[in-house]
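Welcome! Take a look at the chain below, and then we will walk through a few of its parts together.

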Amino acid sequence: MSVEATTANRLLEVKNLTKHFVLHGDIYSRLAGEKTQVLKAVDGIDFHVDRGETLGLVGESGCGKSTTARLVTRLIEPTAGAVRLKGEDLLAYTASQLKAVRKEVQLVFQDPYSSLNPRKTIMHILSRPMEIHGLARTWADKRHRVLDLLHRVGLGAEHIDRYPHEFSGGQRQRIAIARALSVDPELVIGDEPVSALDVSIQAQILNLFRELQKELGLTYLFIAHDLSVIRHISDRVAVMYVGKIVETGPAQALFDEPLHPYTKALLAAVPEADPAKPAPRLTLKGEVSTPIDPPPGCRLCGRCPREIKICSEVSPPLADVGGGRQVACHNL
């Protein structure tokens, strides 16, 4: 495929996306003259999502995945970088310009218990985005569209006038998905949308995501810390560690043959049901690195069994290694 064709198929492109939080400390530490610290939640990451595909973003809790979702949707403002949707940099948009674009990118939050307004009926929750973006003006049109959305996510007309507290966790997440679809988006970002659900319900919601993608031609950025979830739903995977993306590639290739030491350790930590299989071959020593004023080298420095001298001095770039894969490691 030519470079032009690849670029034309690219829906979202993120370049050098960065978010640093300055930690001033309490008044006593400031009076004592203690140094201001910087928490590098997201530190210069690059990735892209092509039309119709699912990119899985995986990593431990606290590595910057949810911050990335909020940066892409401009719920929080980045320190630096670019977020391009269909070639247009969203970070250059004014508030009025951004309103027109927001319907193209929707976010499904992690917790369905807190992401829905308990004082509003499902009719109001699902129709309000349509009103804001001028997609339905009459009451009859709104009700018709809401009923269609409920049907798409596996709910019925009898649910339209109920309140969120009258639903189970899985049903609430279906409503949250319906709300995201109410403005006909192209890109849906799932910020750990199944982690608050029981395992059996997780499978149902994941299958719903896949069915909706086929029906509506949706593109997903799917965030999770559960490797089995990412493996089930993703076409490509990006692995994140302490604010950096350390490996990307096709899902099957990455799970079958991980290249980065952190990816290998992450997969080795997955429990194995068969006692006859050998024990994991790679474990990391020490604790997870801190994103507060990290050293200039690799984030895995001090924990990695393949560490060499340059690792503590220079942060490795995300480099192509063939087969659509990229790895950030000095010692491959």
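## A tyrosine in a loop

Tyr163 is found in the loop between α6 (139-152) and α7 (169-181). Helices here are DSSP runs of H or I with at least four residues, strands are runs of E with at least two, and both are numbered from the N terminus. This is a predicted model, where local features need pLDDT of at least 70 and side-chain atom pairs count only at pLDDT 80 or more, while totals for chains, interfaces and linings use all residues. Residues are numbered from 1 along each chain as its sequence is written, and side-chain values use heavy atoms, with hydrogens and water left out.

Not counting residues up to four places away in sequence, Tyr163 touches Pro118, Arg119, Lys120 and Thr121 (contact means heavy atoms within 4.5 Å). Lys244 is 81 residues apart from Tyr163 along the chain, and 40 Å separates their C-alpha atoms.

## Two helices side by side

How do α7 and α8 pack? The axes of α7 and helix α8 (residues 199-216) are 10 Å apart, at an angle of about 20°. Axes are lines fitted to C-alpha atoms, for helices over the stretch in contact, and angles run from 0 to 180 degrees between N-to-C directions.

From α7, the contact is made by Gly170, Gln173, Arg174, Ile177 and Leu181. On the α8 side, the contact residues are Ile201, Gln204, Ile205, Leu208, Phe209, Leu212 and Leu216.

## A closer look at Ile205

Ile205 lies in helix α8. Ile205 is buried, because its relative accessible area is 0%. Setting aside neighbours within four places in sequence, Ile205 is in contact with Gly170, Gln173, Arg174, Ile177, Val194 and Leu197. For Val194, 11 residues apart from Ile205 along the chain, the C-alpha atoms are separated by 7.1 Å.

## The sheet

Strand β1 (residues 10-23) runs antiparallel to strand β4 (residues 80-85), and 5 bridges join them. Lys15 stands opposite Ala82 in β4.

Notes: Two strands pair if DSSP finds at least two bridges between them. Buried means under 20% relative accessible area, exposed over 50%, partly exposed in between (1.4 Å probe, protein chains only).
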